[in-house]
Structures are given as C-alpha cells and as structure tokens.
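Q: I would like to learn how to read the features of a structure, one at a time. Could we start with the one on display?

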Amino acid sequence: MATAASAPSIDPNVSTFVGTTRKLFINGKWVEAASGKTFPTYNPATGEVLANVAEGDREDIDRAVKAARAAFETGPWAKKMSPAQRGKLIWKLADLIEKHQEEFAQLESLDNGKPLKISRIADVPLTFEHMRYYAGWATKIEGNTIPLTLAGPTKYLAYTLREPVGVVGQIIPWNFPLLMAAWKLGPALATGCTIVLKPAEQTPLSALRLGELIQEAGFPDGVVNIVPGYGETAGAALAAHPEVDKVAFTGSTEVGKLILHAAAGNLKKVSLELGGKSPNIVLEDADLNSTIPGAAGAIFFNHGQCCCAGSRLFVEEKVFDKVVEGVTQIAEKMQVKPGFEPDCDMGPMVSEEQMNRVCGYLESGFREGAKAVTGGARLGNQGYFVKPTVLVNTTDKMKVVQEEIFGPVVTAIPFRDPNEIVARANDTIYGLAAGVWSRDIKRALSVAAKLRAGTVWINCYNVFDPALPFGGYKQSGWGREMGHEVLEHYTEVKSVCAALT
Ligand code: NAI
Ligand code: MG
C-alpha cells in the first residue's frame, strides 16, 4: 500500500482502491471469503505489498456458481432481457471503462509492472473497444433454416437456434489482466451466458475494479461473479465444478491439461488459449528498417510475457549479423525501470517467481552453449527486472529454443536454406503465432501457408483486433478467441424439426 501511495502522479481513486482490502464479487455484492482469508498482491517494481484481497476458495466458488446458475435459469438476464438490452449494457460497460481509463491504466501498471504509457495506449483502449465489438454481436446471434436432404421441401420445417451454453467458468492469466477479462467476458455476455471469473492471483485488481463498473452499469445480480484466489484452490474448484457448463482458460499449457482433466467430470465444454514459442522469420529481401524494430517489438513487448511472443527469430544468413546488431541496439537502448517512470520502456517481470523462471532459462541456455549478445541476467536487486536479452549460438533442440520462457529473451537463429525454414519453424509442440518479413509478398504468403500457427503476421507483429480470431494449433490450445469464431464456444446449437404434414 505504501508503494502505491508514493508512486508519482497516482490517481486518488487508485490510492483509495488499493488502500482497502478488496472483496469477492458474488451475486452482485462485495463479500469476504468464507474462510475470512486474504492474500497480498505485490508491486513487482519494488516487491512490496500493493493491496490485500479476499482469498476465494472452493466454498466461494460454489456460492458464485450457484449465483450464476440462478441468474442463468431464473433471473431477468435470462427471462426478461432482449439481446438489444444485453448489447446496450455491454456498451455501457465499455463507456464506463473508457471514462475510468486512467485508473485502469494505473492499476494495471502497478499490479502487473507494465509501463503506464503502454497500459494507457494498449491494454485499456483494447479492452473497451473489445467490449463494444461484442456489444454489437448480442443482436446477431442467429441460427439457420435447414433444407432436409432426405425429405421433400414441404414435409418438415427444420431450423437451428444458437442458445447460450450456460454458466461459464473463466480462468485468466496475469500478463494482460484487464484485457484477458474482456476477451472472456465480451462473448460470454453477448451470447447470454452467466459467468464466474477467476483472475490470476498475481494481478486481481483491475478485474475487481471492473466488477464495480459491472455493478454501476446495471447488470443483474449473479450475471458476472469475480472470485480471485489461487489456481490450485479456487481455479481448480471452478474447473471441476459440476454445475459449470463450460470453462475457458488462458495460461500455461501445463495447467491447460489439468483444466481438461478437471472438466471431464461433467464433460464441460472447454476452450484453451495456451503457450507458444512463435517463430519470427526474416527473409533476406526484408525491409530491415521496419523488420528490425518489428522483431525487437515481437519479443520485448510486455517484457516477453506474451503467449504469442516472437521468441525464435530465424534470420536468413546474409542479413543475420545486421538484424542481430539492430535488435541488440534496440535492447540496449530500452529503459528498464518501474512502469510509472515516464520513460519506462520495459518494467519488471510480474513476480519474483517469473523472474526466477526466466533467469533459470538463461542459465540453462548458457550451460548448453548459448551466448548472450546483450542482457542475459537480472537487472539490479530491487524489483523483478530482467535485462532484454538476445541469445545466439543455439541449436534447435536446446531448452531455450524449445520451451516457452515468457520473458524478454529472444534466440536469434541463422538459416541458409529458405526451403528448410518452415520445417524448423514448425518444429515445436506449439502453434500459436508466427511472423514473416519479406518485400516479396508472394514468398511471404507461401511461407504463411505452410506455417502451423493460429496467427501469421506478415511485415508486422502483435496486431490484435476484436474481429480477428486468435488461438492455437497443436498444444497452444483449443478453439479461438475473438471474431465470430469465439461465439461458437459460448453457444449450443439446437436443431428444431417440425412436421408440416
Ligand atoms: P498458470 O497457467 O499457472 O496461471 C494462469 C491461471 O491459471 C491463473 O489464474 C492461475 O491461478 C490459474 N491456475 C493455476 N493452476 C491452476 C489449476 N490447477 N486449476 C485451475 N486454474 C489454475 O501460469 P503461471 O504459473 O502464472 O505461469 C507459468 C508459465 O505459464 C509462464 O511462464 C508462461 O510460460 C505460461 N503462461 C502463459 C500465458 C498465456 O497467455 N498463454 C499466461 C500466463 C502464463
Ligand atoms: Mg502456475
């Protein structure tokens, strides 16, 4: 609490918010955890406690699920409200987020560590625009009329309805806390589901502030419930709960597999957005003026804590030295400091655990023969900062090339034969994203066609839009977020067939 108060230009509402123990949001009310327990969330720039939060566990999850179930079965959300009214509420929530955007930007920077200038221009605007996009979908959830193939046209009238899947459990990570909440809530609300959201234990604050705005917007009680707590307790209870119809998860591939097992009990629908080890491929004819900053941004944005980070930078041999030198120069110029400093380009890792994980990967890389052209270690000894790092001298089987580091660490890998690069790029258990840089659009498109990845960026990286589906091939997940694709995960299809004769 002390850190928040001493940070420069802190919004008074943010000081007040972090200054009191935050509660759980269940059935439209702010309540303590059944156990009475609380847990701290830290400011990763200092390691000090930022705020205390009620610690949700099995009993609280159960209460929240029951509230969501009642709201789904009998509440005004289900029984009275039209799609247009739902859409208006979602839009109203977007307006409220926009109105309070500076507060959200500050909370996000304090809790997660990211630069305030980034949460101001990326996390928060993407959040309210995402909500607006799904507000528009609320009135466009449609079925089809189906001409039966085996009957004459006048014998039956057959059609499909798209109905909400029901009570949805949503478990989200800490890298984009507010935006991940929006990615999950938007389509669930648009389709008429009710929700129990579990934010990550490292970053519960922005979701809790969002809960206050959900109340202010006038969503009926129980439609959205927000229960922070630890993954092994609250998260596991939500994934296993027999009255939850669907679980949506974003996080590690390891926990994604646990979610799947937990969901098996009542065969919940499952969607998963998991890890990545995305290849970013530079062909020798690329325009290096845009490729070099693009390749640096692909890995260093959000301190490399992005599931789609361009962490394997494959560069055609002829331009390898130039690209490595350029990315290294950018890394060395980056201002790595607390997110509230106006010139901060990169803040701390989200937690001590994450910093140690990243440093552990660096050490493993060095043991196996990798070399750091720049970076390669923790920065300072206060807060959880890691230097932006460029590794070379790797082989494709090293841990640092195969496993998700989730930190500001890129392995730069030269290649000679453009015909082999696709196989090397695809040599991973993951398949979330990829980048291709070339002036020859035909070559770039032909590489894109062969990549096994849910998103391919050509001559750009990290371009996100609510209309553009995002998700993974292989062990990067099941299903897609965003666009109209995600709506399928939140709806059941009912076929109705009426005899006409
Ligand atoms: P995690 O997968 O453990 O955490 C993500 C969410 O899952 C959090 O809300 C957490 O409380 C919850 N969770 C954890 N264990 C659970 C369980 N048994 N049942 C239900 N929910 C559970 O990720 P963590 O430990 O924070 O980070 C580890 C690594 O995961 C990172 O280094 C990174 O590689 C990857 N990761 C990937 C993300 C992505 O966007 N795809 C986001 C966060 C982490
Ligand atoms: Mg974990």
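A: Start with one atom pair: an oxygen atom of ligand 1 and a polar side-chain atom of Arg 357 lie 3.1 Å apart. This counts as a polar contact (a pair of N or O atoms within 3.5 Å; within protein, one must be able to donate a hydrogen and the other to accept it, and residues adjacent in sequence count only if both atoms are side-chain atoms). The model is predicted: local features need pLDDT of at least 70, side-chain atom pairs count only at pLDDT 80 or more, and totals for chains, interfaces and linings use all residues. Residues are numbered from 1 along each chain as its sequence is written, chains are lettered from A and ligands numbered from 1 in the order in which they are written, and side-chain values use heavy atoms, with hydrogens and water left out.

Q: Which other polar side-chain atoms lie by an oxygen atom of ligand 1?

A: Glu 201 places one 2.6 Å from a ligand oxygen, and for Ser 252 the separation is 2.7 Å. In total, 27 residues surround ligand 1 (a heavy atom within 4 Å). Ile 172, Trp 174, Glu 201, Ser 252 and Glu 404 are the closest.

Q: What area do domain 1 and domain 2 bury between them?

A: The size of an interface is often given as the accessible area lost when the parts come together. For this pair the buried area (accessible area, 1.4 Å probe, lost by two parts on being put together, summed over both) is about 2,200 Å², 63% of it on carbon and sulfur atoms. Pro 44, Ala 45 and Trp 174 supply 22% of what domain 1 buries against domain 2, more than any other three residues. By contact (heavy atoms within 4.5 Å), 26 residues of domain 1 meet 30 residues of domain 2.

Q: How many salt bridges cross the interface of domain 1 and domain 2?

A: Side chains of opposite charge can pair when their charged atoms come close. The rule (a side-chain nitrogen of Lys or Arg within 4 Å of a carboxyl oxygen of Asp or Glu) finds one across this interface. Elsewhere, Asp 345 and Lys 117 form a salt bridge, with their closest N and O atoms 3.0 Å apart.
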